[in-house]
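User: I would like to learn how to read a model like this one, feature by feature. Where do we start?

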Amino acid sequence: MVSASMKVIKYLLFIFNFIFFITGAVLLGIGIYVQVHTKNYLSFAGPHYLTAAVILIVVGCIITVIGFFGCCGACKESHCMMITFSVLLGLIFVLELAAGIAAYVLRNDLDNIIKENMKKSLNRYNSTADDKKTWDMLQNEFDCCGIDNDNDWKENNLPIPDSCCKEESAGCALDKHNLNTKGCYDKFKNAVVKYAGIIGGIGIGIAFVQIIGIVCACCLASAIKREYEIV
């Protein structure tokens with residue numbers, strides 16, 4: 001058994017791992033939500049960002065498993081499990097750091113990527129069912145029309161769709177007073193930045209918990225090893 005002082009670390013580690021486990025489950029839920037509810041919109045962000053939801057799901061699963069593994073290791077006072085837990089936690093931390101750096105490097109390209117993909121998708125509105133569905137959903141949800149404004153449809157020799165209307169009904173786009181004139185680009189980009197900030201904040205919180213978890217796990221593993229050496 002570990003000493004009384006190390007029992008405090010043991011229980012702290014258990015608490016942190018339980019929080020870590022819950023955090024992984026939350027990330028998993030967010031990833032599934034993004035994959036199911038915003039799958040069509042993610043196409044505007046290009047191939048570099050299409051896998052964002054999948055990454056959240058995978059990382060959420062891994063963190064959940066590691067959190068459970070850490071809880072078991074703390075309860076069983078296993079030196080081997082604590083070392084393994086610390087190494088896995090360190091690897092996840094490095095991967096998160098690399099992903100954060102990559103996102104920071106790519107941030108300046110996001111504006112151009114979104115606008116370019118929106119232009120391509122708008123031109124396919126009448127020829128591709130998926131693009132039509134995406135634009136109708138986007139314009140309904142964000143109360144917008146076109147990329148920069150409603151003139152984008154005319155400039156691309158396309159009729160303004162009814163999804164641009166403030167109150168949608170068959171043929172409503174013929175009434176200019178019933179149209180949303182503001183474009184979708186700024187509104188969509190702001191939404192992406194907002195949710196990216198939320199995910200980034202969650203990531204920073206997870207990283208903080210990870211660092212504490214690594215320190216506690218190493219201290220507990222060292223204490224367990226000393227106790228067994230004494231015995």
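This is a predicted model: local features need pLDDT of at least 70, side-chain atom pairs count only at pLDDT 80 or more; totals for chains, interfaces and linings use all residues.

User: What is the mean pLDDT of the protein, and where is confidence lowest and highest?

Analyst: The mean pLDDT is 78. A value of 70 or more is reached by 77% of the residues. Confidence is lowest in helix α2 (residues 47–50), with a mean of 56. It is highest in α6, at 92.

User: How many helices and strands are there?

Analyst: The protein has 7 helices and 0 strands. Along the sequence the pattern reads α-α-α-α-α-α-α.

User: Now a single helix. How do I read the length of α5?

Analyst: Compare its reach with the expected span. Helix α5 covers residues 129–142, 14 residues in total. From first C-alpha to last it reaches 20 Å, close to the 20 Å expected at 1.5 Å a residue.

User: Which residues of α5 are buried?

Analyst: First, the general idea. An α-helix has 3.6 residues a turn, so residues three or four places apart point the same way. Now the case: Asp131, Thr134, Trp135, Asp136, Leu138, Gln139 and Phe142 are buried in α5. Just after this helix, Asp143 takes a positive phi of about 50°.

User: Why does Asp131 count as buried?

Analyst: The cut-off for buried is under 20% relative accessible area. Asp131 counts as buried because its relative accessibility is 9%.

User: What does the side chain of Asp131 make a polar contact with?

Analyst: Its partner is the side chain of Ser121, at 2.6 Å. Set aside neighbours within four places in sequence, and Asp131 is in contact with Ser121, Arg124 and Tyr125.

User: Where is Asp175 found, and is it buried or partly exposed?

Analyst: Asp175 is in the loop between α6 (151–155) and α7 (184–230). It counts as partly exposed because its relative accessibility is 38%.

User: What does the side chain of Asp175 reach?

Analyst: It reaches the backbone nitrogen of His177 at 3.1 Å. For a C-alpha distance, take Asp162, 13 residues from Asp175 along the chain. Their C-alpha atoms are separated by 10.0 Å.

Technical notes
Residues are numbered from 1 along each chain as its sequence is written. Side-chain values use heavy atoms; hydrogens and water are left out. Helices (H or I, at least four residues) and strands (E, at least two) are DSSP runs, numbered from the N terminus. The expected span of a helix is 1.5 Å times one less than its number of residues. Buried means under 20% relative accessible area, exposed over 50%, partly exposed in between (1.4 Å probe, protein chains only). A polar contact is a pair of N or O atoms within 3.5 Å; within protein, one must be able to donate a hydrogen and the other to accept it, and residues adjacent in sequence count only if both atoms are side-chain atoms. pLDDT is the predictor's confidence in each residue, from 0 to 100. Contact means heavy atoms within 4.5 Å.
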